[in-house]
Amino acid sequence: MQRTESHACHGGYQEVWQHESAVLDCTMRFAVYLPPQAQDRACPVLYWLSGLTCSEQNFITKAGAQRYAAEHGLILVAPDTSPRGADVADAEGYDLGQGAGFYLNATREPWAAHYRMYDYVVDELPALVEAQFPASDARAVSGHSMGGHGALAIALKNPGRYRSVSAFSPIVAPSQVPWGQKAFAAYLGEDRDGWREWDTTELVAQARERLPLLIDQGEADEFLTTQLKPELLSAACAAAGHPLELRLRPGYDHSYYFIASFIGEHVAHHAAALRG
């Protein structure tokens with residue numbers, strides 16, 4: 001691994017690291033915030049998954065989460081949103097290819113060779129973090145938009161691995177909205193039965209763990225009615241008896257201004273679960 005950035009921040013350090021990923025077969029970057037408590041002991045980890053077009057930089061420069069992580073003694077880890085590089089398949093537009101990995105394992109070419117973000121986030125990255133940093137094996141996961149989809153799906157697919165999960169403006173039913181349908185058709189093929197294992201509204205029906213879902217959604221979000229449709233998750237959770245706290249925030253949009261306004265509440269939510 002190679003550290004490419006290090007900045008003193010709220011008594012700890014915001015760093016960015018680069019490494020060769022065996023799972024993705026390319027060079028990857030991820031951000032890690034080490035709170036001041038990490039100088040003395042192993043700390044629990046909150047993984048943040050960003051949305052379309054983002055890299056590891058968006059969250060660490062715009063959300064202001066380091067302040068709250070320092071208060072609660074949490075390590076923050078923010079990976080990139082897809083494999084990168086000249087040899088990695090890409091597509092025109094912002095919603096497929098590099099910057100749009102959708103946190104799944106692609107099965108179709110040309111994507112299958114590199115686009116295995118699910119395996120990277122669930123297995124390779126935590127193993128690396130827990131080996132190289134003062135990190136415990138107490139984990140939580142959160143994310144925004146495409147990353148909110150990733151956080152919810154990953155938590156539901158891995159009972160016992162995460163102590164808490166939350167999301168901002170998540171794509172809750174990718175099989176039913178244009179962003180998800182375009183990505184799933186490309187990465188997984190046209191067989192919609194195979195899409196179900198990556199769709200939160202489908203996963204809650206078969207969840208083996210009733211991990212509560214915490215979601216904040218802006219009511220002024222420009223993607224609310226076309227891409228996000230939180231009411232579909234509300235209905236799925238009600239049918240399955242799965243705990244959901246969906247907080248609709250008047251006036252807020254899809255931006256990091258929204259995330260920065262409520263990230264402190266999410267970090268506190270995860271800190272309570274991680275302490276438990």
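This briefing walks through the main features of the structure above, topic by topic. The model is predicted, so to speak of local features a pLDDT of at least 70 is needed and side-chain atom pairs count only at pLDDT 80 or more, while totals for chains, interfaces and linings use all residues. Residues are numbered from 1 along each chain as its sequence is written, and side-chain values use heavy atoms, with hydrogens and water left out. Helices (H or I, at least four residues) and strands (E, at least two) are DSSP runs, numbered from the N terminus.

**The sheet**

- Nine strands make an open sheet: its 9 strands follow the order β1-β2-β3-β5-β4-β6-β7-β8-β9, and the pairing is mixed. Two strands pair if DSSP finds at least two bridges between them.
- The edges belong to β1 (2-9) and β9 (244-249); each has a single partner strand, so one side of each is left without a neighbour in the sheet.
- On average, neighbouring strands of this sheet are turned by 20 degrees against each other, direction ignored.

- In β8, 6 of its 6 residues are buried (buried means under 20% relative accessible area, exposed over 50% and partly exposed in between, with a 1.4 Å probe and protein chains only).
- In a regular strand the side chains alternate between the two faces of the sheet. In β8 both faces are covered, with Leu 213, Ile 215 and Gln 217 buried on one side and Leu 214, Asp 216 and Gly 218 buried on the other.
- Helix α8 (residues 230-240) lies across β8 and β9 and runs at about 155 degrees to β9. Axes are lines fitted to C-alpha atoms, for helices over the stretch in contact, and angles run from 0 to 180 degrees between N-to-C directions.
- Helix α9 (residues 256-275) packs on the sheet, where it touches β4 (43-49), β6 (135-144), β7, β8 and β9. Contact means heavy atoms within 4.5 Å.

- Is helix α5 (residues 178-188) largely enclosed or open? Of its 11 residues, 8 are buried, so the rest of the structure largely encloses α5.
- Among the buried residues of α5 are Trp 179, Phe 184 and Tyr 187. What covers the buried residues includes α4 (146-157) and α7 (224-228).
- Just after α5, Gly 189 takes a positive phi of about 100 degrees.
- Arg 108 sits in the loop between β5 (75-79) and α3 (117-132), and at 38% relative accessibility Arg 108 counts as partly exposed.
- Not counting residues up to four places away in sequence, Arg 108 touches Ala 185, Ala 186, Tyr 187, Leu 188 and Gly 189.

**Backbone details in the loops**

- A cis peptide bond joins Glu 109 and Pro 110, with omega at about 5 degrees; Pro 110 is in the loop between β5 and α3.
- Thr 53 is not a glycine, yet has a positive phi of about 75 degrees. Thr 53 is in the loop between β4 and α1 (57-62) and is exposed at 52% relative accessibility.
- Lys 229, also not a glycine, has a positive phi of about 45 degrees. Lys 229 lies in the loop between α7 and α8 and is partly exposed, with a relative accessible area of 23%.
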